[in-house]
Amino acid sequence: MSVPLDPDLSVRIADNIQAVHQRMSKAAHNVERNIEGVSLVAVSKVHPSDTIRAALETGHRVFGENRVQEAGEKWSNLKADYPDVCLHLIGPLQTNKVRDAVALFDVIETVDRPKLASALADEMAKQSRPLPCFVQINTGEEPQKAGVLPADSDAFISTCRDTHGLNIAGLMCIPPQDEEPALHFAFLREIATRNGIAGLSMGMSADFETAIELGATQVRLGTAVFGERPKTQ
Ligand SMILES: *Cc1c(COP(=O)(O)O)cnc(C)c1O
């Protein structure tokens, strides 16, 4: 493997992960949920490989990245060293990146349009990688944000399942910046329940305890695990 990591970095990341797990447990405990039902997706976008290795060395294995190309550059080596990693795609997916995404990722969290659902189904069949998928719902109906509109969600979920045969393991949302996230989390759960969907990917560093209290099965944490993201140019 590569050169040893900076010990300060290793300690900092290990401490962060431990603190996050404690906060997650406390939130689950508040609502009498079993913490086993909630997993931590460590969002490593923009962070360099050494920072990610520090998390891998603690034994953590579930990570999220938002860009296919960046993830490929960092994770082709990391996945070779840690084959049991589970990598989630949490950013928008263009159809021309579907082949690379299916080859690299283990969970696709951002299925949000029929053309993408169809392309994913074809590519998963071709690669014999029937990956679990999440449908991203634009709960705040924000024009600039990816995701299916709430009014279209039931029909879209049926299309994904019945027409394309995708394994819809969950729903995902990113609440609007300036709104109470709890309302969006509760809304996402409602859509999941009426569609018989078990997984709920909701909650980021600023609001993950609320998300767990409202039923999140996975929280996506970047800053709380790795610290502030380095500025890109
Ligand atoms: C960056 C990102 C996160 C993590 O955000 P933090 O606030 O740093 O925890 C979670 N989800 C998505 C979709 C992201 O793009």
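Modeller: On a 1 Å grid over the protein atoms alone, a pocket is an open set of points where a 1.4 Å probe fits, with protein on both sides within 12 Å along at least five of seven lines; lining residues have an atom within 4 Å of a point. The model is predicted, with local features needing pLDDT of at least 70 and side-chain atom pairs pLDDT 80 or more, while totals for chains, interfaces and linings use all residues. Residues are numbered from 1 along each chain, and side-chain values use heavy atoms, without hydrogens and water.

Biologist: What makes up the lining of the second largest pocket?

Modeller: Among the residues that line the second largest pocket are E142, K145, I174, P175 and D207. The lining has six nonpolar, two polar and four charged residues; Pro counts as nonpolar, and Asp, Glu and Lys count as charged.

Biologist: Which pocket corresponds to the space taken by the ligand?

Modeller: That space is the largest pocket; a molecule sits in a pocket if more than half of its atoms lie within 2 Å of its grid points. The largest pocket holds about 330 Å³, and K45, I90, I174, M204 and R229 are the closest to its centre of the 19 lining residues.

Note on methods:
Points joined across faces, edges and corners; volume = space filled by probe spheres on them.
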